[in-house]
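This briefing goes through selected contacts in the model shown below. Keep the structure open while reading the points.

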Amino acid sequence: MIGHKTVDNILKELKTDPNIVHWRTIPEKAAHDVPFPHAIDDRLKKALMRRGISSLYTHQADAFQAVMAGNDVVLVTPTASGKTLCYNLPVLETLIEQPEKRALYFFPTKALAQDQKNEMVELIDEIGLPIKSHTYDGDTAGSVRQTIRQSGQIVMTNPDMLHSSILPHHTKWVSLFENLQFIVIDELHTYRGVFGSHVANVIRRLKRICRYYGSHPQFICTSATIANPRTHAEALTGRKMHLIERNGAPSVRKHFLIYNPPVINRQLNIREDESHSVTRLASQFIRNKIQTIVFAKSRLRVELLVSHLQKVNSGLQTHASICAYRGGYLPLERRSIEKGLRSGEIVGVVSTNALELGVDIGQLQVCILTGYPGNMASLWQQAGRAGRRQEDAVVILVASSNPLDQYMAGHVDYFFSRRPEEVRINADNIMIMMEHVKCSAYELPFKNGEKFGEETVDDLCDYLAEEDVLHYQRGKWYWMNDGFPANNISLRSAAQDSFAIIDVTDRGHAKVIGEMDRFGAMTMLYEDAIYIHQGVQYHVDDLDLEERKAYVRKVNVNYYTDSDLAVQLDVLATDKHAECDDPVRHTEKGYGDVAVRALPTVFKKIRFETYENIGWGKINLPELEMHTNAAWISFDPELMNIYGKDTFQGALVGLSHLLRHAAPLYVQCDQSDLSVVPKIKAPHNEKPTIFVYDKYPGGIGLSDRIYSELPNLLDKAREMVESCSCTSGCPSCIGFVNEGKAAKLTLRRLLRER
Amino acid sequence: MSLTKKLQLYRKQLHEQNQLTRPEVSQSTASFEMSESRQNEAIAAAAQLLNAKMNWLDDQYVLVYSEIIPIQKKVGPYTLAELDPAVSAWQSFSPRHPLSACGLQTEELLFFDTETTGLGSGAGQMIFLIGLAHWTRQGVVLNQYFLPGPGHEAAFYHKFLNDTKSLKNLVTFNGKAFDWPRVKTRHQFVRNQVPRLPAFGHFDLLHASRRLWKNRLEAVRLQTIESDILSMERTHDVPGKMAPFLYFRFLKHPDAGLVKGIMEHNRDDVLTLISLYIHLSNKIMGRIGPDLEEKFEIARWNDQIGETDRAQRQWEALVHQPSSFRGRAKLRLAQLYKKQGAYSASLNLLQSAIRDPDVDVGSIYIEAAKLLEHQFKDYRRAQYYTKEALNYLYQGDHRLTEGFQSKEADYLKRLQRLNGRIGEHDRIKRNITRASAKTP
């Protein structure tokens, strides 16, 4: 090889690549600067100037004004747009003027809090005032905890710590709670689903305690681009929010390419595995010393890609350094990778979404996404990692073969015009809320008629008194139990009835690698299941229902397992119901509470690349029951006679497959957060029905959204099935179903004539 | 859907969720609402049976039980009267000792113990019983404050704090880490209605007991000390861990029988504190003969609090008679000598300790090596002892002991440094020899 190719050279070559299905150039954006607001203290101004900041982006100035005016603020900030200043400026300004005030920051991870603290300390040093800023988490030494509790002005922590340590011991934090002026919530969009619903309740508890101590802190939230930053922030904090969306940070010109891997099996319509395509594309850039970041969805993928890339590049004289970056690394490892990236020593990095969060690695020139990351917010967060200095940035999305990716690859205009999804929580999920009412009662007794969130919780307290957890006396419910309720609740795991997953690969050193709720355990951790934990495959040796333990062992096989559940769905209460637009076909939709009773029966072994069924086994587990929320769509039973039972059933199963993949288009969730179950005869209305339910007891607000988006969701399903070129079903449309050809035709008619 | 309706729908699942986090002790499930006035009547009746007074603050009240216990009463090996001579003895002993009552009247010591609704330290655990005793010539005055319900905490702390103006001389068993933080936590909730918390100072008998007896007791708990150290026996005692559940039941059905046992338990604990304080004081001041291990630990304690002279005398006494603590005493004494600059005496002691069976010979060798290297500049002998320390470390199953790796690294580093010094030393010597050889 003579000399190096430049980005332009490589782009020119890619222009003729037939697999590039779309090429879009996004023009650069100039910075919108404004001078420092007058209200900023001179010392702070000078400190910023010494750090090379001589003006503010408009959104930073807007945030400063809005916060200083006393608003609760939510900011939408893309990657690398200087968001920390948006909250640090008003907080520091306030602390300079009123040193007795306090600020509480919380970040989704310890690592982020640590990063932010370091940055804060540097800025404070530059100001030259003794402002005390600390992290407070599991790593904080016992000896400094008391000092932080009494005199820390800025305390940086995470919601878990707030939940299990700070709030239950609020009497030790009196000076913080009496003087709390700001609560900063960074990475707001990560608080979604079960986790977000828990955190919303933790915030309710926090607000109760502040009220008790007479403070009324302002909230400052920052979020990646999502569809509903204001409503999400309001749902999470229970406050009316001032939204700042206008962003003044500059961006460079971006080339956005969509690459669809070639079809390698015409009959089954199977495409080349996206990892291969990614390796090929990435090594072109890396070989020419162009800094590239590759995103992959799982740790397994990350490790595989790194080893492929290293192999490809091993022949080179100048061995380009390529490394993996994912959660779970020690701070020192992370620092050295981040440093290597900034200095250019590391040319290629393969990452899970760990780098989506605000970790500072500087910016790279090329970003390659292994498959659509599942939601637009992540997509733009990841794409934002490309774009350094004056050079053009390149973003390549390599589509996988699942229906959603293929749909995106085929409908680029839709893709680019897509607004990011909504983030949903359900703070009033009764299972979650009940646990936090307990914690909150532990912290402060509930008064008669007192609200927790929007509603009074007298009934819940009465119930807890009946359960011998609270004791009612003189208009108040007191905690009267020898337990510590926060201990039983993990904000990040689903139900509290959780199973420990124990790795016994090394007999002498069995260790717990994770936990899972009962429902998940029985559908994913049955004996002989292949359980994938953070990209590593495990074989389940034994599931102990009494002890709530699953024993697993590392294996390396080329299949995964999928359980068949005999699922009974009973509608307990219908909250919403409507006829769909079509009076002839009597299609109707509903939303409400359902009881899901599931009996795992058999499991299938499915080959990774091709999704072929290569074996099966029996599952011997008892039935389990869960109450949750569901949305459903029911069809006229007459259709079965028209199309034939088998064909219609195939169409129904196919539609379920499509809905499962299309659902994340409307609500930000993982596929595993929702379940889609077709029933040829639903017990509540005796009609062919597809249920979409939240896979968490009590629901987390996903199916509610699905209900209102059902017409759009069905349109999307129609487009997906229409645009797929296969004849009798493939992974990219309805999957492999009985009577595939007829089923697909039927489904197309069904959806078209809808 | 309203929360109430949700609650109906999810009752069964919520109950199951609760069951998962429930304590194992079952409680009465039949509950009925009692009106405020009926509740008060029932508590008044219970108070009568408990011989307690109801003490009102506005609409709240606290039950106070008072008793004067005759001074001749025997608690374990001592009568309560013996507290006075023990306190007197402190007057002429070291004021620096953590248990010292020097400058105090016997009457000023406050023996203090609480019962709580749980062992946790969070905001939600309450103290429902405080037992407090002080000595007088007429007898030991015991006051117990019992919280009749969570809504009465203001009255509870109000009475307790008004009765006890000073809390500077509390005698507790783990009070610093357990009882007092809980008092502080709960006081937060009623701080606007009750007196401020006075400054807290105290004698922690857990700490002292741990120092003296941690090796001989399975767990350093008050009950174990009673049986194994003070040879006491409690009959019909309500175990402390049952207290919360009995109390919870009392709240629903105020029946004196449920809490009578807890109050007696608390009374016994407070009296044991008096006996234990006398016992510890006597041991520390040598008023009764401490055994060898106690002597060793008392000397170590004195050393740590800066009572060096006393410690030195105690080490020397231990060194002069053969015992299973002799080697360890030698090591300690050698360290003390070293601090005083008596290096030869220190080295001699260390060398003689090598043959004692009760020491970690490795650390003796290292101590000797340190002295030789830094004080005597005798690198070769320092090197020899360091090698011996390493040999010892590699013997038997020392490899498996905790701290092996850091010790090994430490020893090797020392050895390397010594090797270097010897090399350097030799080189200089050679140069000198060569230089002197050249001169005719």
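**Contacts within and between chains**

In this predicted model, the centres of domain 1 of chain B and domain 2 of chain B, taken over C-alpha atoms, are 47 Å apart.

- The domain assignment of chain B places domain 1 at 35–284 and domain 2 at 292–438.
- Nine residues of domain 1 of chain B touch nine residues of domain 2 of chain B.
- On the domain 1 side, α6 (205–213) and α9 (256–284) of chain B are the elements that give two or more residues.
- That side of domain 1 of chain B consists of three nonpolar, three polar and three charged residues.

**A helix pair in chain B**

- Helix α4 (residues 153–163) of chain B packs against helix α5 (residues 175–190) of chain B at an angle of about 115°, and their axes lie 9 Å apart.
- The crossing of α4(B) and α5(B) is left-handed.
- B:E153, B:A154 and B:Y157 of α4(B) make the contact with B:R186, B:H187, B:F189 and B:V190 of α5(B).
- Four nonpolar, one polar and two charged residues take part in the contact of α4(B) with α5(B).

**Chain A against chain B**

- In the contact between the chains, 39 residues of chain A meet 30 residues of chain B.
- Elements of chain A that each supply at least two residues to its side include α18 (458–466), β22 (470–473), β23 (476–479) and β29 (559–579).
- The largest share of the chain A side, five residues, is from α17(A).
- By class, the side of chain A that touches chain B holds 17 nonpolar, 10 polar and 12 charged residues.

Methods:
Residues are numbered from 1 along each chain as its sequence is written. Chains are lettered from A and ligands numbered from 1 in the order in which they are written. This is a predicted model: local features need pLDDT of at least 70, side-chain atom pairs count only at pLDDT 80 or more; totals for chains, interfaces and linings use all residues. Domain bounds come from an automatic or database domain assignment. Two residues are in contact if their C-beta atoms, placed from the backbone, lie within 7 Å. Helices (H or I, at least four residues) and strands (E, at least two) are DSSP runs, numbered from the N terminus. Ala, Val, Leu, Ile, Met, Phe, Trp, Tyr, Cys and Pro count as nonpolar, Asp, Glu, Lys and Arg as charged, and the others, Gly among them, as polar. Axes are lines fitted to C-alpha atoms, for helices over the stretch in contact, and angles run from 0 to 180 degrees between N-to-C directions. A crossing is left-handed if the near helix is turned anticlockwise from the far one by less than a right angle, and right-handed if clockwise.
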